[in-house]
Amino acid sequence: MQITVDLHSHSGYAGGVGDVSLDAVAQAMAFKGIDVYGCGDCIYPLRTEELKQVLKETSNGLFTYKDYPARFLLQTEIILTVSLSGYKNRVLAHHLVFFPDFKSITGIQKLLEKWSQKNTIGRPFITNRDQAELEDRLFAIADLHPLIEIIPAHVMTPEGILGSRNRLTSIQEFYGQFTSQIRVIETGLSADPEMLCRIPDLQSLTMISNSDTHCAALNRIGREFTILDADTFDYQGIINSLRQNKVNMTAEFFPAEGRYFLTGHRTNREGHTVPVIYEENAPEDLICPICRKSMLPGVKQRSMELSDQRISPLHREFKHLLPLLEVIATAQKKGVAAKSVWIEYMEVLKWFPSEIALWKSEQIVIEDNLDKRITQETLKTIIAVKEEHYSFKPAGYDGVYGVMVITQ
């Protein structure tokens, strides 16, 4: 069976995140067509107690909320830091962790306490003296339950395992003996499987995409998702699919929309009145020509540094997509909160069961269902996005999202 999942989110307990209502999340999942959603920050004690009170286990490790059909999976993000020989600065990398039950969550909370690691924010930092200590702690987390999964998050963004802050040449430099337990990676918003599949360390790993959302907004939840081929609709079925690379497809941000795609400096940096953006040929020393400060390599540049063009990449089925609200807003030249944008959005969902159902439909079906029910400009923009007739000018860079331009 096919299960559509979005397994990376954050709650209001994470830094830089406002209140995130589970009611709003569950409603958005229905609109988007997401079957299973990562609940976010599940090991933070206040969040743990909240989830215990409101979630009901219904299918071996998946949980429901109230009467919504949505299913939730227990998920958190942790940040691992370590001092590695040969690197001046501590290496820091974000990770997803999936849990099959609350008992496993209690287990990792006890480990954090034993290691004197603070668990006072939604995404705790686990600081390690050296690689041996990092390995021991990763194995200790994995040993809590055979179905716990540890996944490098947004691997190419600056704080991903192969990102520009770390400048690692391989994931084994970080994980050491734990490397064989890394079976899955998250592509992140500024990269897609085509960019990553020529990186030797990543080629054989399962690649998944998630929204990494910090709110319940419809243009955030499900902005990236993964469709799995699973034998059973439960937690173990999902984990088995991930470990066996049974991914039907992923839906990806167009990488150029992502905030870290290109090398550059944004306008509001000190000394800047205009941005500095490099599609290619960034200065070798990565010194900004305006402010004379260092620039971090963008994901495009970083992935090229690590790629081996001699590799024949494994085929990965994926599709570049945009949130429907943003597509309609682009057509109307308005913001996503505009009343007219929402009116057209709800009109589309009268004729398709979800956003994902819309994007999976043939063009003729979309046109037959929506012609004369929404504006021609909106219909034309939906078709252009479905057929990938769009680009981003400028592309994303230095924390700034790319700007979409329809190309037909």
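This is a short tour of a predicted model, stop by stop. Residues are numbered from 1 along each chain as its sequence is written, and side-chain values use heavy atoms, without hydrogens or water. Local features need pLDDT of at least 70 and side-chain atom pairs pLDDT 80 or more, while totals for chains, interfaces and linings use all residues.

Select Phe72, Leu74 and Phe174. Of the 100 residues in the largest nonpolar core, these touch the most other members. A nonpolar core is a set of buried Ala, Val, Leu, Ile, Met, Phe, Trp, Tyr and Cys residues joined through side-chain atoms within 4.5 Å; buried means under 20% relative accessible area with a 1.4 Å probe, protein chains only. Next, show helix H1 (residues 22-32), which gives the most to this core, with six residues. Helices are DSSP runs of H or I of at least four residues, and strands are runs of E of at least two, numbered from the N terminus.

Then select strand S12 (residues 247-252). Four bridges join strand S11 (residues 225-229) to S12, and the two run antiparallel; strands pair if DSSP finds at least two bridges between them. Thr250 in S12 is the bridge partner of Thr226. Three bridges also join S12 to strand S15 (residues 318-320), in parallel, where Phe318 is the bridge partner of Thr250.

Last, select helices H9 (residues 324-332) and H13 (residues 376-386). Residues of H9 including Leu324 and Ile328 meet residues of H13, in contacts between heavy atoms within 4.5 Å. Among the H13 residues in this meeting are Thr381 and Val385.

Technical notes:
Buried means under 20% relative accessible area, exposed over 50%, partly exposed in between (1.4 Å probe, protein chains only).
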